[in-house]
Amino acid sequence: MEISRDAYRAIEDIVGTENVTDDPAFLDSYAFEWLAELVRPNRSHYMPRPWAVVMPASTREVQAVTKVCNKYKIKIKPISTGWYHWAAPMKDNEPTVQLDLRRMNRIIDIDEKNRFAIVEPYVICAQLQAEAMKLGLNCNIIGAGSSTSVVASACAYFGGGPSSHYMGNNSDNLLGQEWVTPVGKVVRTGSLSSGAGWFCSEGPGPSVRGVTRGNLGSRGGLGTYTKCAIKLADWPGPTEFEVKGRPPGYRLPVGENFRAYTIGAPNWDAWANCYYAIYDNGLGYIFHRQLNLAGANLATALWLTYIDPTKTLNDVETLAKDPEIIAINEKARISFQLILAAQSVDGIQLQDKILDQILSQTGCYKVERYCQQDMAEFTNMYMQRLGHKHCNFIWAGGYMGSWMQAGTPDFVKGYVPTAIKGFEEDQQSHLLVECGGDALMGCGSTLGGGGYFGLEQFVSYDPASDASIDACIKHMEDAIADCVAQGLPLGKELLYLQIGWSDQRIWDGMAKAPQTFVLDFQRQFKEAVDPNSLGDRNYPWLPEKWGQAPAQAK
Amino acid sequence: METKRRQLAAIVGEDNVLDDPKILEEFSSDESLCEPLRPWFVVRPANESEVQALVKWANTTVTPLVPVSSGAPHFYGDTVPTVAEAVIVDLSRMKEIKRIDRRNRIAVIEPGVTYSELAPALAREGLRIPRPLAPRANKSVVASLLERQPTTIPRLNFSLPEPLRNCGVVWGSGDLAFTGEAGNGPLNLEAQWQRGLAQVDGKGPLATDLMRLVTGAQGSMGIVIWASIKLELIPTVRSYFFVPHSELSGLVDFIYKLTKVRLGDETLLLNRAKLAALVEPQPAAARKLREALPEWVALVGLAGTALFPEERLKVQEKEFRALVQEFRLTLCGGFAGVSRADVVRLIDGDSGDHPPTLTAKGASQDIFFLTTLDKAPGLIETVRSVAARFDYPWPDVGIYVQPQHQGVAHHVEFNFPYDPSDAKEVAKARDIYLEASAELIDQGAYFSRPYGYWSELVYQRDASSTEILRTVKQIVDPTNIMNPGKLCF
Amino acid sequence: MTIQDYRADALRCTRCAYCKWVPLDLMKSWRFSKGCPSVEYGKFHSYSAGGRLITSLSLMDGRSTVTDKVKDSVFMCNMCGSCDVACKVCRYDMEPLLAMHALRAKLVEDGDLPEAFQPMLESLRKDYNTMGEPHERRGDWAKDLGVKDLTKTTAKYVFHAGCRYSFDGEQSEVARTAVEILKKAGVDFGIMGAAESCCGGKAFSIGVDQQLHNSADHNLAAWKKAGVDTVITPCADCYYAFKRLYTKHAGSTIKVVHMVELLDQMVTDGRLKMTNPVPMKVTYHDPCHLGRQGEDYVPWDGVEKKIFGQAVVYDPPRPRYNGAFGVYDAPRNVLKAIPGVELVEMERIKEGAWCCGAGGGAREAYPKFSEWTAGERIEEAESTGADALVTACPWCERNFIDAVRGTKGKLEVLDILQLVAMAL
């Protein structure tokens with residue numbers, strides 16, 4: 001569909017000529033996205049190209065651009081740090097403005113007393129954490145790591161991370177937010193709507209934020225979030241990290257009121273019991289099954305290699321055969337990381353005592369090698385700043401997360417064997433990294449206080465190899481088939497694959513959901529707030545009566 | 001009318017359709033100063049299918065429904081019809097505690113379950129839920145949570161709706177759908193439990209937070225027929241402390257620090273009038289007690305739970321005392337006239353059938369809002385000046401400040417006792433309510449639960465939010481049969 | 001290597017944007033969290049290392065062509081290597097800096113080098129320097145110093161001043177100071193004087209690879225003829241060129257020492273006695289080519305292979321260059337040994353240092369960007385409360401001096417040799 005050049009000129013007038021481009025190579029830098037090769041025709045690494053990339057500097061500019069897009073019927077896809085194929089335009093031949101929010105990058109304020117920060121979309125978690133720490137505060141960093149946008153995880157997508165167990169899910173940490181709707185109106189939610197400041201996300205009356213957030217979030221498919229306030233938590237540590245060591249394995253000494261442990265379990269029952277005991281006892285500042293992302297067969301060899309700056313990945317092969325490493329690996333096979341923090345030395349000693357008792361009761365243990373100084377400090381650094389999250393890709397450059405169905409520890413334990421077995425089988429093609437069937441990673445809890453999380457298989461494939469890409473796609477399909485066979489809800493792989501499906505195929509699947517109320521709601525809500533349909537299908541909806549018998553269908 | 005009566009009886013049974021004038025009179029007004037309006041019927045459904053049938057019937061006949069879960073007295077006008085020909089849907093028969101899941105610490109209950117009914121059932125499993133301050137005995141747990149009534153343990157308050165998680169809702173359209181995690185699974189709780197799902201995550205499904213659309217809604221979106229709630233362990237050992245001060249501002253920094261480091265369980269601030277009224281049911285005795293109390297107290301409960309409870313308590317007490325000292329405050333275990341048993345009753349018990357706010361003079365005009373703690377003293381001053389303007393005796397005003405959301409938001413509440421049989425006092429109470437509310441919102445108070453007049457103040461301030469809420473209402477209750485006339489609807 | 005050789009890297013880029021920041025673990029504030037000057041100034045993703053990988057891919061795939069905007073996105077970059085360090089924290093074996101170089105070389109080969117570089121290249125061809133100065137004047141800075149002329153005699157060490165110190169009258173004092181120190185230490189050295197030739201590093205950095213080969217061939221031959229086995233230089237750019245580029249591209253085996261390394265050794269073994277107090281608070285800027293890009297180069301010729309099915313490794317194992325072993329301690333040791341000097345560190349140091357803005361051809365072709373980059377670093381230096389910003393590279397110094405003058409700032413900009421001279 002041809003868009004009038006007037007639209008481009010109008011946008012230039014708003015943001016300045018230097019802040020908009022339709023240069024093809026520039027557009028490709030937004031079309032190119034991780035995971036595109038799994039869903040696009042011919043394994044293309046490019047999602048659809050945007051019609052233009054626009055960089056607004058303010059809410060007012062976002063509004064003005066949105067209004068131009070309404071006039072010319074151009075879709076809008078906001079992007080902040082921009083990671084995941086669904087950050088890109090969704091469909092070919094559907095002109096889309098990629099709204100790159102990197103110029104909106106201010107920490108507007110940190111209210112130290114009331115413990116919240118007001119941020120723009122391009123503030124990343126690491127920046128906010130660094131500033132918050134100066135004030136004895138901390139922020140929840142989501143599982144995708146500290147290079148991610150605070151606004152994105154608070155307003156538009158999931159929001160759980162290793163620190164959620166103590167600091168809460170970013171959806172619950174969201175306070176006031178500023179939302180430019182698809183027609184260019186500004187909606188301020190919660191206390192902001194009454195001019196009472198940013199401190200409360202609920203209400204007035206029913207919470208307006210309820211239409212913009214949910215669990216999955218609108219993922220850029222329903223307007224643009226231009227600011228939000230986020231609740232901060234206590235940080236009982238120093239005002240900045242005194243990082244030691246050389247890249248890549250930076251280390252953070254463990255303070256006297258902190259502990260950094262890797263806890264191992266003899267079996268999954270014990271692991272689940274340990275989780276429940278940790279919840280019941282209110283332990284854990286950061287709680288995550290992180291280091292297993294490398295695969296339980298290879299994790300120890302990898303991390304010991306990684307923290308040595310003189311080594312290469314070739315050394316992993318040698319180390320993985322070392323009997324001593326194999327023995328450590330077995331201890332760490334079913335393990336997770338736990339960072340404790342207390343206000344006082346008395347407090348941390350008591351937490352140690354409680355943890356030891358939990359371990360004794362559940363048959364779990366501290367994995368000794370991982371708790372030695374070098375690994376403990378590396379673990380501490382990794383978990384506190386979450387700046388190594390792209391080690392997800394360390395093996396071959398590609399990673400896709402499958403499974404991740406969320407529930408209680410017992411629920412998750414229930415699908416673990418199937419997930420492990422299936423992944424082991426898929427690795428036999430040699431077209432995925434053979435790290436063992438257990439490369440499951442996940443938060444201790446994505447909800448504050450505990451009790452809920454999912455485990456995600458880290459499937460490592462080579463995006464430069466067509467065969468490896470195909471093997472990854474096959475794994476996703478196998479995982480779906482396994483879930484269907486076991487009567488399990490479908491996992492993250494479905495969300496990824498759907499990006500490459502037609503609308504009709506997606507709707508056919510949605511129509512089979514046991515409850516379609518929210519999809520009907522979202523259709524009607526979209527019709528009301530996005531009459532020109534500028535938001536894409538990242539905000540999912542179901543056409544009226546889709547999938548029902550013809551006599552009843554419209 | 002008779003036709004409707006028959007139709008209703010066919011749904012809930014003859015005995016559960018009430019139109020006795022005395023009963024209707026009880027529902028036609030409440031303790032607030034809202035305009036009375038008599039409903040036509042009170043119906044008492046027993047289960048989900050009856051509720052759904054009622055809502056479908058209401059859509060067909062365009063009959064307003066007003067859901068009520070708690071027993072009387074009611075306080076904020078939300079359970080009084082605003083339009084004529086309304087039917088009160090009294091959910092108090094729905095009293096099933098469907099499940100108590102100790103391992104996952106989730107309970108699923110129906111709306112008629114009260115705090116006094118739930119507490120012993122939970123206690124048998126060693127569990128409890130964070131509670132509001134001294135709820136009345138017949139207060140519905142689900143209603144309290146849906147209203148976002150503040151609970152007394154801020155460190156557990158990861159979000160304002162906590163501990164509310166999922167809801168089963170018969171929406172105003174007549175559709176039955178679950179919120180949150182439950183919204184992704186089968187439309188049947190047993191089927192979900194069989195799959196190992198436990199209705200834990202409150203968010204969603206998808207991009208909509210359906211639970212948040214029914215909280216604070218005053219029954220205007222749908223009828224909640226069950227709710228899952230997060231539970232906590234009962235402490236093994238506890239201690240309580242009062243930290244007194246002549247001014248609220250003298251306690252602000254201390255409370256900020258306390259909630260920041262999440263030390264302690266119950267954490268609340270009461271002025272002398274409020275504390276006296278809570279403890280002493282006899283008005284004269286309450287007035288006498290009031291004179292002997294400090295102007296303000298912070299009441300803090302420390303608890304030792306799960307493993308090594310005594311040691312936990314010991315460490316907490318040490319840290320607590322250090323904190324009190326850091327802020328140059330004093331500490332006491334109690335006051336003359338306020339025993340430990342009184343405190344336990346406030347924290348863990350209920351106020352029986354006689355809400356403390358009514359004991360002084362028979363009625364109370366309440367004003368409450370959310371703010372940040374640093375603004376609270378200034379906003380209290382605003383209310384004081386309004387009270388002075390109307391010659392209301394300030395020492396009679398009960399004030400309660402409850403940290404919420406782990407100390408970010410604070411509920412600030414004023415109780416103005418008045419004699420409902422004295423027209424002048426009634427007028428004064430109303431005038432104070434109206435004038436103070438208008439000044440408060442101008443100074444940044446947030447009426448997050450906009451009952452009555454507050455809804456006018458709030459929704460006029462922001463057209464965009466109002467428009468969004470009306471859009472939502474239009475979708476989930478297209479015939480506008482759910483408590484019409486409330487909020488901005 | 002061509003862009004085709006980095007196609008796999010481009011396909012394996014996940015657009016994670018780590019290349020835009022300092023290594024996340026090292027982030028201490030919002031203000032000084034950024035790592036990549038290019039994307040901070042240019043804003044669009046194409047100005048980042050990840051963006052350039054995609055540009056390469058897009059060109060290879062025939063999806064786009066080289067426009068003026070593309071040229072800008074490729075060349076408005078200091079080639080400082082911050083992206084490379086940050087990327088490799090997680091992406092371990094990706095080579096974004098090398099890939100960006102290959103992209104530049106491709107544009108040069110196709111005739112798409114911006115015109116603004118022509119004066120520098122012309123000067124190199126005609127007068128063997130990047131400064132547009134007549135080559136006859138190159139040795140003038142050393143007149144009357146009584147230094148051996150290695151066109152006429154031999155020595156173990158050659159002192160290579162570099163283009164900047166040779167011709168920038170304001171800065172030549174640093175070279176003279178270095179020479180005096182070497183003489184006092186009894187080092188057997190000489191200079192090439194007017195026959196000294198540019199290291200070729202700057203031309204290489206803009207993708208004119210042939211110039212590097214020309215310079216390397218000339219310099220290595222001249223040094224061999226003079227009996228030299230070690231080159232000493234006070235310039236970080238030259239250091240990098242000799243140590244890394246000559247080894248990799250010209251098979252050089254000559255030893256390379258930066259003056260700060262020599263000073264550090266001399267402090268340790270007592271040959272350098274600094275007794276005059278220099279009461280100054282200073283902060284040290286790690287030059288990119290001495291710091292994160294100053295690691296030893298180990299020749300490697302191998303292929304990619306896979307282990308554990310698809311895990312990518314190299315056969316033989318390929319050395320990693322991620323800034324872990326740059327020259328960071330030597331200058332700091334020297335500064336700490338100067339009596340009276342108080343060293344205060346900026347937030348972005350060592351492998352996480354923010355670039356001075358002079359490198360990669362930015363100063364020549366994108367002066368506003370170059371000046372802005374320097375200005376950012378000046379602000380960071382000022383935030384430490386330091387009296388002076390000290391470094392070990394003439395290009396850094398020149399860019400900082402110009403930036404301070406441009407804002408009429410008070411911060412002094414010094415080479416470490418100047419401080420040492422004050423203390424002697």
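How many residue pairs are in polar contact between chain B and chain A? The count is 41, with both residues of each pair at pLDDT 80 or more; a polar contact is a pair of N or O atoms within 3.5 Å, where, within protein, one must be able to donate a hydrogen and the other to accept it, and residues adjacent in sequence count only if both atoms are side-chain atoms.

Before we go on, a word on the model. It is predicted, so local features need pLDDT of at least 70 and side-chain atom pairs count only at pLDDT 80 or more, while totals for chains, interfaces and linings use all residues. Residues are numbered from 1 along each chain as its sequence is written, chains are lettered from A in the order in which they are written, and side-chain values use heavy atoms, leaving out hydrogens and water.

Now look at where the chains meet. Here 89 residues of chain B are in contact with 87 residues of chain A (heavy atoms within 4.5 Å). Between chain B and chain A there are also 11 salt bridges, each a side-chain nitrogen of Lys or Arg within 4 Å of a carboxyl oxygen of Asp or Glu. You can find a salt bridge between Asp172(A) and Arg212(B), at 3.4 Å from N to O.

Next, turn to chain A itself. Its domain 1 covers 5-102 and its domain 4 covers 503-554, with bounds from an automatic or database domain assignment. Their contact takes 12 residues from domain 1 of chain A and 8 from domain 4 of chain A. Across this interface the rule finds 2 salt bridges. Lys77(A) pairs with Asp536(A) in a salt bridge, their closest N and O atoms being 2.8 Å apart.
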